[in-house]
Amino acid sequence: MSIKDLFQKRKYATIPSERTKREIPEGLMNKCPKCGTIQTSKELEKNLKVCTACGYHYRLNALERIQMTLDEGSLVEYDSDMISEDPLEFPDYINKLEKAKSTTNLKDAIVTGEGTIGGFPVVVAVMSFDFMGGSLGAVVGEKITRAVEKALDKQCPVIVFSTSGGARMQESILSLMQMAKTSAALAKLGEQGGLFISVITDPTFGGVSASFAMLGDIIIAEPATSFGFTGRRVIEQTIKQKLPDNFQTSEFNLEHGQLDKVVARKEMRPTLIRLLDMHGTKEDASYGG
């Protein structure tokens, strides 16, 4: 071996540059916020957006919830052209509404309509937290009220999927009025023997939990759903006491009599079908009449 060979440059493995790194498309992978497990979006969607490792239930928007719950293609939407206005001329409200519309592909924080679940006719109202925190405004309250009135005409059950941070502050008293309006419509439904199933999803607080969300003949919730009137921190500061770690979860509320059942997402549709079957038959329903 020559001296030249001894000092010849050796080739070492190099770290690939940013250009040569294989790029992972955005949205392809998801990291569970509870256990940290990384899953592909396809795998997560196949499991109804529930973590396969720990069972954490990701939040759904209204369109995803409808797709997972109703019979395929059965939804006939109500009031799809109804949009919120700005009667109080609240600063920047119009801009926030437009941004929410463009990012969610929704007109407001709720979708209502009629359809079937397992062949059973229902009227549904499905809230969407990604539209301004699922806040209860005049449009949300009006659409729920009209949906309940439709159910009265058709004599079929009402199912409301709630998720909300509370009343929409940009609409002030007009928002708070929706609590009374929706409650009155549901009271009329109850007087005439109609069935109202309330499904509470994460999170549900404020005016929504203080009105229609807690008025169901049957009240069910997904696992680990947070719901109540006001948040944990406010309550602790008010009563000067530390609350239990699981305070305001669906499991805590079930234990204290605020719920009838906690239902995992995979069991939600079968559970609703069983409840509808218990309260009527496909043959005697007047849906579509």
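Visitor: Is A187 buried, exposed or partly exposed?

Guide: This is a predicted model, and in it A187 has a relative accessibility of 40%, which lies between the 20% limit for buried and the 50% limit for exposed, so A187 counts as partly exposed.

Visitor: Where does A187 sit?

Guide: A187 is in helix α6, and its C-alpha lies 8.8 Å in space from the C-alpha of L215, a residue 28 positions away in sequence.

Visitor: Which residues of α6 are buried, then?

Guide: The buried residues of α6 are S175, Q178, M179, T182, A185, L186 and L189, and the elements that cover them include α5, β6, β7 (196-204) and α7 (206-209).

Visitor: How far does α6 reach from end to end?

Guide: With its 20 residues, α6 reaches 30 Å from the first C-alpha to the last, which is close to the 28 Å expected at 1.5 Å a residue. Just after the helix, G193 takes a positive phi of about 80°.

Visitor: You mentioned α5. What span should that helix have, and what does it have?

Guide: Helix α5 covers residues 138-154, and its 17 residues should span 24 Å at 1.5 Å a residue; the C-alpha atoms at its ends are 24 Å apart, so the two values agree.

Visitor: And which of its residues are buried?

Guide: In α5 the buried residues are V139, V140, G141, K143, I144, T145, A147, V148, A151, L152 and K154. These buried residues pack against β3 (76-78), β4 (110-117), β5 (120-127), β6 (158-164) and α6 (172-191).

Visitor: What comes just after α5?

Guide: Q155 follows, with a positive phi of about 55°.

Visitor: Which other residues have a phi like that, and where are they?

Guide: Among them are K49, whose phi is near 60° and which is in the loop between α2 (41-46) and α3, and M132, whose phi is near 50° and which lies in the loop between β5 and α5. As background, most residues other than glycine have a negative phi, and most peptide bonds are trans.

Visitor: New topic: at what angle do α3 and α10 pack?

Guide: Helix α3 (residues 62-69) and helix α10 (residues 265-278) pack at about 60°, with their axes 10 Å apart. That angle is the reason α3 is described as oblique to α10.

Visitor: Which residues meet there?

Guide: From α3, the residues R65, M68 and T69 meet R265, R269 and L272 of α10, and by type the residues of this contact divide into 2 nonpolar, 1 polar and 3 charged.

Visitor: Stepping back to the whole chain, how many helices and strands are there, and what share of the residues is buried?

Guide: The protein chain has 10 helices and 9 strands, and 44% of its 289 residues count as buried.

Conventions: Residues numbered from 1 in each chain as written. Predicted model: local features only at pLDDT ≥ 70, side-chain atom pairs only at ≥ 80, totals over all residues. Heavy atoms only, no water. Helix = DSSP H or I, 4+ residues; strand = E, 2+ residues; numbered from the N terminus. Buried < 20%, exposed > 50% of the residue type's maximum accessible area, 1.4 Å probe, protein only. Axes fitted to C-alpha atoms, helices over the stretch in contact; angles between N-to-C directions. Parallel < 35°, antiparallel > 145°, perpendicular 65-115°, else oblique. Contact = heavy atoms within 4.5 Å. Nonpolar A, V, L, I, M, F, W, Y, C, P; charged D, E, K, R; others polar. Expected span 1.5 Å × (residues − 1).
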